[in-house]
Amino acid sequence: MTQYRIGYLIGSLATASINRKLAKALVRLAPPELVCTEIPIRDLPLYSYDHDADFPPAARAFKEALEQVDAVLFVTPEYNRSVPGGLKNAIDWASRPFGRNSFTHKPGAIIGTSPGEIRSAIAQQHLRAILASCDCPQMNAPEAYIHFTPGLISDDGEVNDVRCKEFLRRYMQAYARFVAQMASLRS
Ligand code: FNR
């Protein structure tokens with residue numbers, strides 16, 4: 001069995017983040033060929049191209065972590081109908097300096113949860129456009145707009161709804177197939 005290293009970015013910096021709970025659930029439900037590790041974005045300073053010649057240690061560590069994975073999974077909330085600023089900042093760091101974009105050839109996937117009826121859909125569409133500009137190949141389907149209700153996912157990632165749990169399991173299986181397909185295209 002070929003294993004793939006998945007780095008996952010959580011778009012929320014909040015301690016009680018529901019997207020962090022979702023990420024934990026995805027890690028638990030992932031098929032064995034996916035080895036998932038969080039790539040933290042919390043300690044990144046705000047990006048400016050003033051740093052392009054000499055990235056600060058947190059940004060260097062972030063770029064190195066991205067280099068060490070085969071694929072990148074984005075688990076994000078929607079803030080004010082778009083991607084949270086912290087996540088956009090992380091993507092800007094990853095995309096630079098010019099010519100050293102960390103997303104090239106890294107198969108991406110997007111998922112998010114919100115208690116609101118639109119379930120992070122607008123943020124996810126914005127993120128798709130951002131990642132396209134970063135040359136990140138993206139899994140198109142299934143899309144995953146998870147409606148968070150109280151108790152849906154426990155703090156340690158147990159999903160308390162059978163249909164949601166099965167959907168998330170299938171989502172990760174689809175991602176594993178996508179990552180494998182992209183790897184085969186490159187070999
Ligand atoms: C929100 N929330 C929200 N929800 C949504 O569905 N669409 C939106 O545009 C927004 N906008 C928004 C802005 C800001 C600044 C905050 C703090 C929140 C509600 C949001 O979905 C809810 O707080 C989730 O708990 C956020 O996910 P995390 O951060 O808990 O993972």
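Predicted model: local features only at pLDDT ≥ 70, side-chain atom pairs only at ≥ 80, totals over all residues.
So, where does Gln124 lie? Gln124 lies in helix H4, and I'll come back to that residue once we've looked around a bit.

Some housekeeping. Residues are numbered from 1 along each chain as its sequence is written, and side-chain values use heavy atoms, with hydrogens and water left out.

Okay, the overall picture. The protein chain has five helices and five strands. Walk along from the N terminus and the elements go β-α-β-α-β-α-β-α-β-α.

What about overall dimensions? The C-alpha atoms fill a box of roughly 50 × 40 × 25 Å along the principal axes. A compact globule with 187 residues would have a radius of gyration near 16 Å, and this chain has 16 Å, so the two agree. That radius is taken over C-alpha atoms, and the globule rule is 2.2 Å times the number of residues to the power 0.38.

How much of the chain counts as buried? The figure is 47% of the 187 residues. Buried here means under 20% relative accessible area, exposed means over 50%, and partly exposed is in between, with a 1.4 Å probe and protein chains only. The accessible surface comes to about 9400 Å², and 52% of that belongs to carbon and sulfur atoms. Those areas come from the Shrake-Rupley method with a 1.4 Å probe; for residues, only the protein chains shown count as cover.

Contact, by the way, means heavy atoms within 4.5 Å.

Now to helix H3, residues 85-95. Buried in H3 are Leu87, Asn89, Ala90, Ile91, Trp93, Ala94 and Ser95. And what do the buried residues of H3 pack against? They pack against strand E1 (4-10), H2, strand E3 (71-75) and H4.

Take the two helix neighbours in turn. H2, residues 57-67, packs on H3 at an angle of about 75°, with the axes 10 Å apart. That makes H2 roughly perpendicular to H3. The residues touching are Ala59, Phe62, Lys63 and Leu66 from H2, plus Ala90, Trp93 and Ala94 from H3. By class that's six nonpolar, no polar and one charged.

On to H4, residues 121-133, whose axis comes within 11 Å of the H3 axis and crosses at roughly 10°. H3 and H4 are therefore roughly parallel to each other. Here the contact is Leu87, Lys88 and Ile91 of H3 with Leu127, Ile130 and Leu131 of H4. The tally is five nonpolar, no polar and one charged.

A word on the terms. Axes are lines fitted to C-alpha atoms, for helices over the stretch in contact, and angles run from 0 to 180 degrees between N-to-C directions. Under 35 degrees counts as roughly parallel, over 145 as roughly antiparallel, 65 to 115 as roughly perpendicular, and the rest as oblique. For classes, Ala, Val, Leu, Ile, Met, Phe, Trp, Tyr, Cys and Pro are nonpolar, Asp, Glu, Lys and Arg are charged, and the others, Gly among them, are polar.

Back to Gln124, as promised. Gln124 counts as buried, at 1% relative accessibility. Beyond its neighbours within four places in sequence, Gln124 is in contact with Ile110, Ile111, Gly112, Arg119, Ala144 and Tyr145.

Arg119 from that list sits in the loop between E4 and H4, and has a positive phi of about 55° although it is not a glycine. Ser120, in the loop between E4 and H4, also has a positive phi, near 75°. Buried or partly exposed? Arg119 is partly exposed at 29%, whereas Ser120 is buried at 1%.

Two cis peptide bonds to finish. One joins Arg96 and Pro97, with omega about -5°, and Pro97 is in the loop between H3 and strand E4 (108-114). Another runs from Ala141 to Pro142, with omega near 5°, and Pro142 is in the loop between H4 and E5.

That's my tour, thanks.

How values were computed:
Helix = DSSP H or I, 4+ residues; strand = E, 2+ residues; numbered from the N terminus.
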